[in-house]
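Subject: Structure handover

Hello,

Here is the structure we spoke about, with my notes below it. Please read the notes with the model open.

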Number of protein chains: 2
Amino acid sequence: MNTGPARGMRDFLPEDVRRRQYVIDVIAGVYQRYGFEPLETPSVENIETLLGKYGEEGDRLIFKILKRGEGAETGQADLALRYDLTVPLARVVAEYRARLPKFFKRFQVQPVWRADRPQKGRFREFYQCDVDAIGSTSMVVEAELLGAAGDVLSALGFTSYTMRLNHRGVLAGLLEAGGVPADLHGDALVALDKLDKIGRAGVATELDSRGVPSAGAGRLLDFFADVQAAAERSGEDGGAFNDEVLARLGALLEGRRADALADLSTIVRLTASTSAGGHVRLDPSLARGLSYYTGAIFEIAVADLAGSLGGGGRYDNLIGMFLGQDVPAAGISLGLERILVVMGERGMFPKDLPTAPADIMLTLWNAEAAPAALHLAADLRSQGVRVEVYPEADKIGKQLKYAASRGIPFVAVMGDDEAAAGVVAVKDLATGEQQRVAASAVAGLVRSRIVT
Amino acid sequence: MNTGPARGMRDFLPEDVRRRQYVIDVIAGVYQRYGFEPLETPSVENIETLLGKYGEEGDRLIFKILKRGEGAETGQADLALRYDLTVPLARVVAEYRARLPKFFKRFQVQPVWRADRPQKGRFREFYQCDVDAIGSTSMVVEAELLGAAGDVLSALGFTSYTMRLNHRGVLAGLLEAGGVPADLHGDALVALDKLDKIGRAGVATELDSRGVPSAGAGRLLDFFADVQAAAERSGEDGGAFNDEVLARLGALLEGRRADALADLSTIVRLTASTSAGGHVRLDPSLARGLSYYTGAIFEIAVADLAGSLGGGGRYDNLIGMFLGQDVPAAGISLGLERILVVMGERGMFPKDLPTAPADIMLTLWNAEAAPAALHLAADLRSQGVRVEVYPEADKIGKQLKYAASRGIPFVAVMGDDEAAAGVVAVKDLATGEQQRVAASAVAGLVRSRIVT
C-alpha cells in the first residue's frame, strides 16, 4: 500500500509545522498592526465562480470535484478547489458588500490548489498569504501594502530585498510610444513578462512572431536596456535611480498616460515614509502574468531565489465581474513556501523555536505510581509547563534515554524513596545534575532554566 | 452571478475568524502542554488511501476529484478530499515510522470534507481538532487524552460536561453474556448506537429484526435501564456511580473479558488524578459508530447540545492497514463548529477579543499630509500599536464618523496647525476628549487606555 502523500502534496511533521506557524504568526501580526482583518473562505467553490477568471491556462489547472451521486456516472464536476485567494475575496466583497466597511482591508492565509506539474519548489497544494485593501483608489493604499509587506520581511529577518514597481497604464503608454497596435498589447505583455527568463533576443523574437512591428519593439527593448544599465550604475541609491526612471519615462511617454505616471511617482514618494522605502525600485519592464491588473503592479525579489517571494497590484475591475459594479481594489500575495525555502537555506529561523515536545518528562517508576505522575503533570501544566508523561513502567534507564532522544531537557523521577520523602528527583539532562525538590518547586526549577 | 459560498460551505468574516482562532489557539496551547506536537497533512489524498476505511456510508460521502487531463472525458477520480484526520495520521505513521518517536503524540486542527446533506449545524467543510497518542497500550494514554480534552473544555470556560466512557471489549462481553451470537455483534452495536435517539423499544425492534434473540436482548436492555436509573440516582457523585457500574458489569460478565473490564477500571482510577476526574461517567451502552475502535471509547456531551462535542477511542489495528503490522493508538477528536455553536449561544467568548480593526485611526488632513501620516503610522506600528490610515483626504468629519463606525477607539488629526506646532491631536471617541501631544507620545497615550 502506498503510504506517501499524493503527488505534489506534502505532509508536515512537527518541526515543519512549527516553522510554518512561526512565519504565519509573524505575517498575521504585522498585517493586523496595519488594520487588516482576518478572512477565511471555503476550500471548495462552485466551479463557475472560478472558471474564466485566470485565463485559459489557469482554467486548465483548476482541480475539479465530481458531482455527488450522478457524478460517478457522468463525470460531471460542479465544484472546484480554490485556485487563489483573490477571486474568492472578490466574490465575498460582492456577497457581503452591505455588511463590510467602505474600506475593507483583509488578510488571508490559506492553501490553494493547482493541478500543475510538480517540480522542485512547486507544489499542487501551497499556502498564499494575501493582503488586500478594497474601496479606495488612493495611492496611500499601494504605499500601505508595500509598507506592510516590507515590515513582514523585516520581521522575518530579511534585510536585502527588492520591491519591483511598475504600472499597467505606464506599460500601455510605453507600448503606444513603441507603436505597438492596441490589439497586440496583450500579446506584447505576455512576451515582455519573459524578459528575465529568455533575455532581450528571446523577447524580440517572440514579439516579432506575434506581429509586433520590429522598429517599435526595438525602441522599447533599448529603453529597458538603458534602465537596466542605470539600475546597475545606481547601486544602493534607489531614490536617485527611481527619479531617473521617472524622468526617462516622462521623456519617452511624451504626455501619454500622464495619470498613470503620476500615480507611479506618488507611490515612490509615499513609500519613502514606510519601511518599503529603501527597497522600491521602478522597473518599467515588469509585466506580471495575471490579466486582471489595472494599475500599479509589484513583485518582491531576493538575491538567491529564482522567481519572486510575492507580488500583486491594483485590480479595479475584478470585483465588478461578481457585483456588476466596479469597486477599486489592490493587494499583495506572499508565497509561504518560498519564504520558508529561503529562510531554511539561510538559517533564518529563530534559535528559540521549540524543538522538544516538552520541558520535562515524568518517568513512571511502576504502574502504581501512575496516579502520582498524572497528578504532578496536571499541577505543572496548570503552571504553563509542557509535560510529557512516559506512559509505561519501563526500566528507568530506558525512560531517561527516551527523554534524551526527544531532546526534553528535564526528567523527573518519583521512586519509592522520593514518594516516601514527598519529593521529586529532577535531572537536568544537559548537565547530568540531579536534585531533589518538593513537588511544588518543580515548576519553578524548570521555568528558571528554560527560555520561553 | 451567484456570489454565495458553495452549498454546505461557509465564509468566515473577521469576527468569525477571530472567534475560531481564539478556540484553536486555546486547544493548541493545552495540547502542547501535554507534549502533543503539531502535524498537518494534505487536504487531498490518493483516493485509495481513503476508500474502505469508513464503511459503505463513509465511502459514499467522500468528495472525489477528477483526474487531470483525461478525467474531463472519462470522469475518473484519482484523488479525494480528506474525510477525517485519523486515517491520514495512520498513513503518516506508516510512512515515517523510522523518523517518528516510539510514542508519537500529535495534535492536528484542520478541515475535513463530507458530501453530506447540509442541515442546521452540519456542514460539508468543517474543522476537526484531533489529538492522538501512538505506540503504547498503557491506559495512561487514555487518562492523558481525557485529561487533555478536559483541560481544553475548562480553558474555554465549560464547567459542566460529561465524558461518557465505555470499552469495545466490555461491550463484546455484554453481548456474549446476553447470548448474542458473535456474527451478530456488529449488527447489535449498530442498533445499540441508536439507544439515545430511538429509545429502548426502538432498539429492541431493531435487534429483533436483525435476528438477535429477544431474551438476551431484553436482558441487555434491562441492564442498560438499571445503569441509567443508577446514574439518575447518583446525581453529581460520579465516583460512587462509576464504582457501582464496575461492580454491576463484573456481576453480569461473570469473568468474561476480564482484561477489558480491568482496563476500564484503570482508566476510571487514573482519570481521577486528571482534570477529567469529576466528569468521567461509565456508560455501558455507549457504542460509537466507527468500526475501527478496539478498546476504550469516549464521547463528550454538554447539556444543551444534541449530539456530542467530540469523541474517540482506542484503535489498535488501523495503522496496521497501512503498515502491515499493528501499532497501538488512541485519540480524541473535538468538533470545532459544535464548540463554537455552544460558546456562541452561551456568550462564552472572552470580552477582550478584539473587535475593532485598529487601536487608532490616522486621518488625512489633505493629500500633502499623507507622508507625515504614513511616517507616524510606521512609528506607532513599530511600537505594537494597531494603526489604520484613512486612505483619502475626505472631510475630517466624515473620517471621524468612519472611525466611530468601525469601533476604533482613537483618532489622530494632524492639521496644518498641528504640523506647524509639531504635535498630533488625539481624540478619544468614547469620551470625546481631545488632547494635543507630541508625535512620540501618541503610542504611550493609546496604550495607556487600551487593555491588550
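**Domains of chain A**

The centres of domain 1 of chain A and domain 2 of chain A, taken over C-alpha atoms, lie 53 Å apart. Keep in mind that this is a predicted model. The domain assignment of chain A puts domain 1 at 14-346 and domain 2 at 360-449.

**How the two copies relate**

**The interface**

How many residues of chain A are in contact with chain B? The count is 79 residues of chain A, against 80 residues of chain B. On the side of chain A that touches chain B, 41 residues are nonpolar, 18 are polar and 20 are charged. Of the interface residues of chain A, 100% are also interface residues in chain B, so the copies meet through the same surface.

**A hairpin in chain A**

Strand S15 (residues 423-428) of chain A pairs with S16(A). The sense is antiparallel, over 5 bridges. Val426(A) has Gln435(A) in S16(A) as its bridge partner. The hairpin has 5 residues between the strands. There, Gly432(A) takes a positive phi near 80°. Is strand S16 of chain A well covered or hardly covered? Strand S16 (residues 434-438) is hardly covered: of its 5 residues, the count of buried ones is 0.

**Two single residues**

Arg447(A) sits in helix H18 (residues 442-449) of chain A. Why does Arg447(A) count as partly exposed? Because it has 15 C-beta neighbours inside 10 Å, while a residue needs 20 or more to be buried and 12 or fewer to be exposed. Arg447(A) and Leu89(A) are 358 residues apart in sequence. In space they are 44 Å apart, C-alpha to C-alpha.

Turn to chain B for the other residue. Ala201(B) is part of helix H9 (residues 195-209) of chain B. Ala201(B) is exposed, because its count of other C-beta atoms within 10 Å is 9. Ala201(B) and Leu221(B) are 20 residues apart along the chain, and 9.3 Å separates their C-alpha atoms.

Best wishes

Definitions and conventions:
Residues are numbered from 1 along each chain as its sequence is written. Chains are lettered from A and ligands numbered from 1 in the order in which they are written. This is a predicted model: local features need pLDDT of at least 70, side-chain atom pairs count only at pLDDT 80 or more; totals for chains, interfaces and linings use all residues. Domain bounds come from an automatic or database domain assignment. Helices (H or I, at least four residues) and strands (E, at least two) are DSSP runs, numbered from the N terminus. Two residues are in contact if their C-beta atoms, placed from the backbone, lie within 7 Å. Ala, Val, Leu, Ile, Met, Phe, Trp, Tyr, Cys and Pro count as nonpolar, Asp, Glu, Lys and Arg as charged, and the others, Gly among them, as polar. Two strands pair if DSSP finds at least two bridges between them.
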